[in-house]
Amino acid sequence: MELIIKQMPVVINALNAGFVQTLKLFSITLLGAFPLGLLIAFGSISKITPISVITRLFIWIIRGTPLMIQLLIVYYFPGLVLHNPIWGGGESGRFTAAAIAFVVNYACYFSEIYRGGILSVPVGQQEAGLVLGMTKRQIFFHVTLLQMIKRIVPPISNEIITLVKDTALARIIALQEIIWAGQAFMKGSHGISGAIWPLFFTAFYYLIFNGIVTLALTKLEDKMNYFR
Amino acid sequence: MKILEVNNIRKTFGNVEVLKGIDFSLDKGQVLSIIGSSGSGKTTLLRCLNFLETPDAGEIIVNDEVLFDAAKSHITSESQIRKNRLHFGLVFQSFNLFPQYTALENIMLAPRLLAAENNYNGKSKSEFLTQLESQANEILAQIGLSERKNNYPYQLSGGQCQRVAIARALILKPDILCFDEPTSALDPELTGEVLKVIRGLSEQKTTMIIVTHEMEFARDVASKVIFMSDGEICEQGSPSEIFENPKEERTRRFLLRYSGK
Ligand SMILES: Nc1ncnc2c1ncn2[C@@H]1O[C@H](COP(=O)(O)OP(=O)(O)O)[C@@H](O)[C@H]1O
Ligand SMILES: [Mg+2]
């Protein structure tokens with residue numbers, strides 16, 4: 001116990017650095033997947049059959065395979081199969097590869113939620129707007145959008161909370177996120193070796209982060225509860 | 001004075017002809033009741049008049065202006081269709097109020113957006129909104145919902161929702177206001193308040209087309225009645241002609257079924 005207290009400042013510093021990388025991956029994934037998911041959603045409900053078929057096939061593949069395999073493929077495929085190691089060997093290359101895999105994966109999950117949201121607004125809402133002389137654009141922004149958002153906030157929240165924990169998967173390509181930082185103390189890092197408690201300690205970071213995210217999302221959900 | 005003329009409207013879904021050539025006309029201030037069994041094409045007819053469906057054939061003429069001519073429908077622009085729609089109003093069976101807006105906001109939304117496109121008709125925005133709101137308040141008073149104007153649809157009863165839907169259509173001052181079974185989704189004890197509002201409108205000489213299964217009401221309020229059957233107008237005439245001396249066997253059978261209940 002005394003030893004742990006002595007090691008604490010060094011470990012916290014290293015874990016914080018890893019956590020920054022975790023946060024970065026988390027934010028980039030959301031920033032990329034929100035708009036890309038909408039694009040994919042429009043593709044999957046497109047009236048042009050080839051577009052909707054290809055989009056749905058893509059969604060099926062991404063949702064049907066583990067994110068971990070997608071990470072490995074994105075990271076290793078260019079170098080080992082195409083002999084063109086576009087990512088380089090460094091941390092920034094690993095981050096780019098991880099970000100691409102995460103954004104695409106989450107965009108596919110979001111797209112299905114968006115699609116459900118778009119289709120769940122009753123067609124009568126659109127027709128009421130048309131009959132009142134509104135344009136399709138006005139109807140989307142003033143009538144449909146908020147009802148859609150209200151419906152997608154709970155399922156999107158679930159995905160966001162899963163994402164907090166999924167970022168740990170980037171460990172598989174040695175991205176220096178918080179799990180990687182905690183594990184380093186087992187092999188030896190910052191003059192500490194054979195310590196497993198830092199790895200266990202990372203759980204607190206996830207718990208606190210998830211707590212904050214959950215609170216924020218619950219607040220958003222409450223805000224939408226003024227109508228039904 | 002003739003306000004509406006409908007000539008030979010036809011509409012086919014897939015290979016089912018739902019409207020088989022509908023002809024009728026309506027004078028300003030008249031109330032037309034349309035009755036007929038379910039599936040006879042009443043809703044489709046109203047949807048055609050409100051440009052939610054495009055007829056395959058026929059003409060729609062309002063105030064001597066040809067709003068729709070099937071022969072030329074392919075060249076009609078989106079903005080022209082929008083303009084055409086404003087000649088008509090439509091009150092749906094299921095209200096279709098916007099849930100995220102209060103009663104007052106539901107009424108003001110469309111005219112507000114329309115005016116914003118036209119630079120508030122030369123007025124300042126705040127001046128326009130003040131006028132619009134007082135207009136909306138007047139209509140709310142007329143339908144007896146002044147106290148509920150800041151309630152959201154989920155806080156209102158079905159009858160109150162339908163009255164707000166009527167107000168929302170009225171504020172755009174349509175030439176012809178259409179109702180598609182406005183009381184069919186309501187509990188029986190709530191139909192009265194909606195019918196009372198419609199009756200009030202007819203006393204003010206609002207031109208209306210009312211599709212309804214409330215036979216007594218249809219007869220009281222109408223200046224003209226159409227009985228539809230199987231996509232056709234089977235019989236049309238004054239309320240007393242249709243309800244007391246129907247000429248067609250189908251009309252008689254239909255009325256018999258309804259007077260039984
Ligand atoms: N969009 C549609 N596609 C296919 N068939 C339809 C559509 N709308 C209505 N119909 C059919 O048209 C017929 C008339 O329907 P409708 O106009 O709703 O009758 P009513 O309002 O008199 O009950 C019905 O047989 C209905 O199934
Ligand atoms: Mg109907």
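You're looking at a predicted model, where local features need pLDDT of at least 70 and side-chain atom pairs count only at pLDDT 80 or more, while totals for chains, interfaces and linings use all residues. Residues are numbered from 1 along each chain as its sequence is written, with chains lettered from A and ligands numbered from 1 in the order in which they are written.

- "Buried" means 20 or more other C-beta atoms within 10 Å of a residue's own, "exposed" means 12 or fewer, and "partly exposed" is in between, with C-beta atoms placed from the backbone.

**Two helices packing in chain A**

- Helix H2 (residues 49-64) and helix H4 (residues 91-120) of chain A pack at about 115°, with their axes 9 Å apart.
- Those axes are lines fitted to C-alpha atoms, for helices over the stretch in contact, and angles run from 0 to 180 degrees between N-to-C directions.
- On the H2(A) side, the contact (C-beta atoms, placed from the backbone, within 7 Å) is made by Ile59(A), Ile62(A) and Arg63(A).
- H4(A) joins in with residues including Val104(A), Cys108(A) and Tyr109(A).

**Around ligand 1**

- The residues surrounding ligand 1 (C-beta atom, placed from the backbone, within 6 Å of it) include Phe13(B), Val18(B), Lys42(B), Thr43(B) and Thr44(B).
- Helix H1 (residues 42-49) of chain B gives the most to this shell, with three residues.

- Most residues other than glycine have a negative phi.
- Asn8(B), in strand S1 (residues 2-13) of chain B, isn't a glycine but has a positive phi of about 50°.
- Asn8(B) counts as partly exposed because it has 14 C-beta neighbours inside 10 Å.
- Lys205(B) also has a positive phi, near 65°, and lies in the loop between helix H6 (188-203) and strand S8 (208-211) of chain B.
- Lys205(B) has 11 C-beta neighbours inside 10 Å, so it counts as exposed.

Key:
Helix = DSSP H or I, 4+ residues; strand = E, 2+ residues; numbered from the N terminus. Contact = placed C-beta atoms within 7 Å.
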